[in-house]
Amino acid sequence: MITASPTLSVRDLSVSFGATGARLQALDRVSFDVARGEILALVGESGCGKSVTMMAILGLLPERVARIEAQRIQLGELDLRKATPKALRTVRGRRIGMIFQDPMTSLTPVHTVGFQIAEVMRAHQGLSRRAAQARALELLDLVRIPDPRRRLDAYPHELSGGMRQRVMIAIALACAPELLIADEPTTALDVTVQAQIMELIADLRREMGMSVVLITHDLGVVATTADRVAVMYAGRIVEEAPVADLFRNPSHGYTAGLIRSLPGGETERQTRLAEIPGNVPRFAAPPNACAFTERCAFALPGCATTRPPDEQISQAHRCACFNREAVAAALRDTPFVRAWV
Amino acid sequence: MLRYAATRLVAGVPTLVLVSVFIFSLIHITPGDPAILLAGDNATPAQVEAIRARLKLDLPLWQQFGLWFLDALRLDLGSSVYSGKPVTELIMQRIEPTLVLGLTTILLTILIAIPLGAYAAWRVNTFVDRLAMGFAVIGFSVPVFVIGYVLLYVFAVKWRLFPVQGYKPLSEGMFAALHSVTLPATALALVFAALIARVTRAAVLDVLGENYIRTTRAKGLSAPRILFIHALKSAGVPVVTVVGIGFATLIGGVVVTESVFNIPGIGRLTVDAITRRDYPVIQGVILFFSAALILINLLVDLTYALIDPRVRG
Ligand SMILES: Nc1ncnc2c1ncn2[C@@H]1O[C@H](COP(=O)(O)OP(=O)(O)OP(=O)(O)O)[C@@H](O)[C@H]1O
Ligand SMILES: [Mg+2]
């Protein structure tokens with residue numbers, strides 16, 4: 001399927017935090033590729049390690065507490081594991097753009113948005129002040145901010161959350177990066193603005209031909225926006241597939257839980273979300289078990305004692321679950337899955 | 001911005017009026033007859049009467065205040081009981097050394113303390129941070145006159161790099177003047193730098209945990225740019241506040257320092273006036289220092305607005 005070499009390729013990325021005695025394993029051998037021009041969604045509950053994955057790739061985790069190991073973190077031809085701090089800095093902002101969850105607090109309050117957009121281009125492309133300002137104006141226009149000339153001199157507190165997130169997108173795209181990482185870009189925004197921002201990201205991906213990693217816990221967003229999806233649970237990727245494959249044939253107990261928790265996913269309960277009982281463990285659970293066992297509706301006796309291996313269901317669909325067939329069969333009837341078949 | 005400045009300036013006026021009421025009453029709330037007080041210790045009854053008549057001390061208090069206040073508005077603060085010279089003239093004569101000392105101190109303090117505090121925050125809990133904050137504790141807990149004498153001993157007496165005492169006026173050249181205030185300004189600056197470095201460190205440390213700093217890192221900006229252009233400027237309001245408070249207390253330090261280094265400034269004038277119970281001069285310098293304080297506050301407010309757009313309103 002994947003013809004050209006991927007934009008980003010990650011193999012066996014593990015991250016742990018804290019002192020040697022009480023280390024907290026946040027990521028456990030995470031592997032994935034992001035192909036050129038595709039949107040990969042990274043889905044999972046709060047605390048499962050989505051942000052840590054991306055921060056580790058960008059070298060943004062606090063050095064003194066985070067221990068990072070990986071077989072490969074490859075951005076195009078560049079090995080990010082071996083990159084010097086200086087080389088990593090030129091990757092950030094120039095080759096990888098990043099948008100964060102909370103637009104209200106993600107912009108420096110004491111500088112104008114024009115300054116903050118222009119600054120990236122001045123740092124990476126050596127543009128003059130004037131050229132950078134002119135580009136900033138174009139970018140505000142690109143992210144569809146009305147009256148961009150006036151906004152250039154606005155301070156963040158003068159803009160709404162949606163506008164600020166557009167500014168963040170403008171900053172992330174300023175140097176036309178090959179990869180955009182959007183870490184829950186819409187969670188803090190109201191519903192109509194959420195849809196607009198997602199649409200904007202999808203459009204810009206097409207216009208600029210970049211790859212996108214979209215972090216979210218909203219399967220609805222995944223369904224409408226992403227090409228492929230990786231489902232994370234407690235520091236591991238438990239299932240990965242093209243969106244249609246995943247929704248047609250969900251195979252991990254946790255994926256099943258996510259799908260069932262979608263509004264309207266269960267016929268009897270239209271409005272209330274069917275929540276998955278229990279909480280995400282604070283760290284990747286025992287190395288010799290599936291971390292989801294305790295909360296899983298499909299758990300088998302072996303799940304608690306053996307870590308299920310990654311298995312290919314089809315060429316592009318992999319899953320680490322001992323009870324795949326039962327999961328897929330049980331979900332075949334849910335309206336959400338039926339809509340995709 | 002201009003309107004903001006104007007409002008702040010006008011807001012300073014009532015304060016100054018209040019201060020002048022206080023200064024005026026100073027001589028009337030001190031026990032004893034003001035005329036006798038003003039006449040000094042060795043005055044004859046005739047001299048006391050002359051003063052009573054000249055200062056219209058028989059008029060009702062509010063009229064006296066009115067007259068005094070009108071004079072003060074014209075910068076006429078009366079004459080020294082000791083030398084007979086007008087108070088305004090005495091202050092003007094002494095203003096240069098104090099201003100040179102004060103401004104040099106402010107500049108030195110800001111140049112030492114703010115980068116030091118910001119850098120300590122950046123390298124929090126490292127050796128550099130501990131060393132810097134250790135210095136700050138020392139600077140903070142040792143009185144200015146002790147630091148003054150230590151500097152004097154090392155740099156003036158032993159190494160003879162700077163004069164032991166005295167002041168060279170600006171008319172003898174910028175360098176000569178700065179050279180003569182280097183030691184006293186350093187002594188003062190060390191004390192205030194300690195305070196300001198600690199506050200800067202705390203404020204910047206706070207800001208470094210903010211989401212927008214994560215954004216600057218994701219943008220690939222350089223460390224100095226993140227620290228100084230983003231973090232420090234965002235932390236500006238608390239820092240400027242302490243700088244302001246620091247300089248308010250600097251006034252006390254100036255008085256002590258001018259005595260230690262024998263600099264003929266307003267601090268010395270104050271000390272001399274107090275020892276001679278030269279009330280008109282005391283009133284004059286208090287008014288002068290009050291006006292200076294109000295000016296500092298105004299500058300602080302304006303700086304707030306300059307660095308933080310949310311303050312401008
Ligand atoms: N600097 C850190 N020090 C210690 N633990 C950390 C640190 N950063 C993250 N963690 C831990 O790593 C785990 C994964 O966190 P992460 O932020 O990646 O979750 P997430 O999937 O992005 O969740 P959310 O949806 O809430 O953003 C959490 O248990 C978190 O407490
Ligand atoms: Mg997160």
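Buried here means under 20% relative accessible area, exposed means over 50%, and partly exposed lies in between. Keep those cut-offs handy as you click through this predicted model.

**Stop 1: chain B as a whole**

The C-alpha trace spans about 80 × 55 × 35 Å along its principal axes. Of the 313 residues in chain B, 43% count as buried.

Now colour the charges: chain B has 25 positive and 17 negative ones, and their mean positions are 14 Å apart. Among contacts in chain B with a separation of 6 or more, 70% come from residues 24 or more positions apart.

**Stop 2: across to chain A**

Which residue of chain A forms a salt bridge with Lys219(B)? Select Glu119(A): the closest N and O atoms of the two residues are 2.8 Å apart. Lys219(B) sits in the loop between helices H9 (211-218) and H10 (223-234) of chain B, while Glu119(A) belongs to helix H3 (residues 113-125) of chain A, so this pair joins two chains.

**Stop 3: a link within chain A**

Select Asp227(A) and Arg205(A), whose side chains meet in a salt bridge with an N to O distance of 2.8 Å. This pair links distant parts of the chain, 22 residues apart: Asp227(A) is in the loop between helix H8 (219-225) and strand E10 (228-233), and Arg205(A) is in helix H7 (residues 191-208). Asp227(A) has a relative accessible area of 32%, so it counts as partly exposed. Arg205(A), at 12%, falls under the 20% cut-off and is therefore buried.

**Stop 4: one turn of a helix**

Move to helix H9 (residues 243-248) of chain A, where Asp245(A) and Arg248(A) lie three residues apart, about one turn of the helix. Their side chains form a salt bridge at 3.9 Å, N to O. Asp245(A) is partly exposed at 22% relative accessibility, and Arg248(A) is partly exposed at 38%.

**Stop 5: a network**

Finally, select Glu38(A), Arg228(A), Glu240(A), Asp310(A) and Arg318(A) together: salt bridges that share partners join them into one network. Over all chains, the count comes to 29 salt bridges.

Terms used
Residues are numbered from 1 along each chain as its sequence is written. Chains are lettered from A and ligands numbered from 1 in the order in which they are written. Side-chain values use heavy atoms; hydrogens and water are left out. A salt bridge is a side-chain nitrogen of Lys or Arg within 4 Å of a carboxyl oxygen of Asp or Glu. Helices (H or I, at least four residues) and strands (E, at least two) are DSSP runs, numbered from the N terminus. Buried means under 20% relative accessible area, exposed over 50%, partly exposed in between (1.4 Å probe, protein chains only). Contact means heavy atoms within 4.5 Å. Lys and Arg count as positive and Asp and Glu as negative; His and the chain ends are not counted. The place of a charge is taken as NZ of Lys, CZ of Arg, CG of Asp or CD of Glu.
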